[in-house]
Amino acid sequence: MCAALTGVIGPSGEQGEFFLCDVFGAIPKNDLASMEHPLFSLATRPDRRILSYEHNGTQISVTPSVKGLATIHDKDILIFCISQLMAALNAGRQISRTLHLKAHDLLMATNRETSGDAYRRLREAFERLAGTRITTNIATGGVEVTKGFGLIESWEIVRRSSSGRGAGRMTHVAVTLSDWLYQAVMSNAVLTLSRDYFSLRKPLERRIYELSRKHCGRQQSWTVSVDTLLKKSGSASPRRVFRKMLRDMIAAQPLPDYALEEQPGDLIRFSQKHTVVERPGAMPPSLRPETLEQARALIPGADVYALEADWRGMWARSGSPKLRAPDAAFLGWVKKRLGS
């Protein structure tokens with residue numbers, strides 16, 4: 001991992017020039033608010049509707065530009081930026097709301113093609129993200145303020161010269177996140193995503209995965225009505241069509257980590273695909289906070305809580321053996337994983 005960092009947040013809190021995205025293999029992270037609430041269009045064609053949503057006191061209005069609403073595939077850009085910022089914070093680095101990144105790195109990290117057409121679509125995504133305006137009272141960082149903002153504040157593309165034969169291919173991109181989204185990062189209001197998220201091509205599959213990850217998390221299951229799921233997904237489909245799409249997903253089971261099941265009463269149950277049943281009476285090993293800090297030092301930028309969960313799963317699958325020194329066993333497992 002390169003340590004280059006040109007723009008920083010100083011001790012007094014003022015923002016510097018920019019943060020350089022250089023954490024290779026950063027774990028995908030998504031902000032909690034947009035996982036919980038429908039801020040992105042699921043349409044595959046330009047969507048110029050004004051969206052209104054209200055649930056449990058949260059009010060959202062999403063207004064498109066002439067380019068249309070930002071789509072859930074456009075959100076890949078934000079996920080990449082959030083992932084880079086969180087990896088840097090976990091490594092003890094300073095960050096900024098403006099990020100400089102290589103377009104090729106972004107495309108590769110989000111499982112996209114790197115053709116000329118892919119770069120064109122990337123520019124269109126930036127235009128939709130900057131043009132989509134949100135008015136909401138969603139709380140981030142424990143503070144509720146009704147405000148309006150774009151998903152990104154600004155963007156800039158640098159192209160390689162093409163010797164006078166039209167515009168060259170974009171090489172570097174500068175993007176300034178909205179203060180609202182940046183505060184979500186600073187307050188750690190994010191969740192880890194499966195890397196297989198970027199392999200989901202259907203917009204509804206991505207949105208349903210977000211909801212299952214947010215509400216089911218590492219619990220054994222989460223049950224929700226079709227009506228509530230339709231509302232929270234932001235789908236514009238009628239209930240009948242939406243239910244058919246859910247049944248298709250139940251038949252295909254495309255989601256990483258979570259399985260879907262239809263239940264009586266027009267309910268959908270989400271459950272862990274690989275739920276581990278621990279040996280009766282076996283107590284999961286507990287780790288000291290300093291052990292997690294040592295793991296973070298071994299793998300800078302890693303989500304140590306996700307590592308801990310993976311290790312606990314391995315421990316349970318191996319028969320839940322009694323460990324005399326769980327902290328040493330965990331660190332040994334981390335070192336072995338680092339070397340693999």
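## Basis of the model

This is a predicted model, in which local features need pLDDT of at least 70 and side-chain atom pairs count only at pLDDT 80 or more, while totals for chains, interfaces and linings use all residues. Residues are numbered from 1 along each chain as its sequence is written, and side-chain values use heavy atoms, with hydrogens and water left out.

## Overall make-up

The chain has eleven helices and 15 strands (DSSP runs, H or I of at least four residues for helices and E of at least two for strands, numbered from the N terminus). Of its 340 residues, 49% are buried (under 20% relative accessible area, 1.4 Å probe, protein chains only).

## Helices α6 and α8

The axes of helix α6 (residues 203–215) and helix α8 (residues 239–252) come within 11 Å and cross at roughly 80° (lines fitted to C-alpha atoms over the stretch in contact, with angles from 0 to 180 degrees between N-to-C directions). That makes α6 roughly perpendicular to α8 (65 to 115 degrees).

In this pairing, L204, E205 and I208 of α6 meet F242, M245, L246 and M249 of α8 (contact means heavy atoms within 4.5 Å).

In helix α5 (residues 179–186), the buried residues are W180, L181, Y182, A184 and V185; N188, which follows α5, has a positive phi near 60°.

T291 lies in helix α9 (residues 289–298) and is buried, with a relative accessible area of 1%. Leaving aside residues up to four places away in sequence, T291 touches D327, F330 and L331.

Terms used: Buried means under 20% relative accessible area, exposed over 50%, partly exposed in between (1.4 Å probe, protein chains only). Angles under 35 degrees count as roughly parallel, over 145 as roughly antiparallel, 65 to 115 as roughly perpendicular and the rest as oblique.
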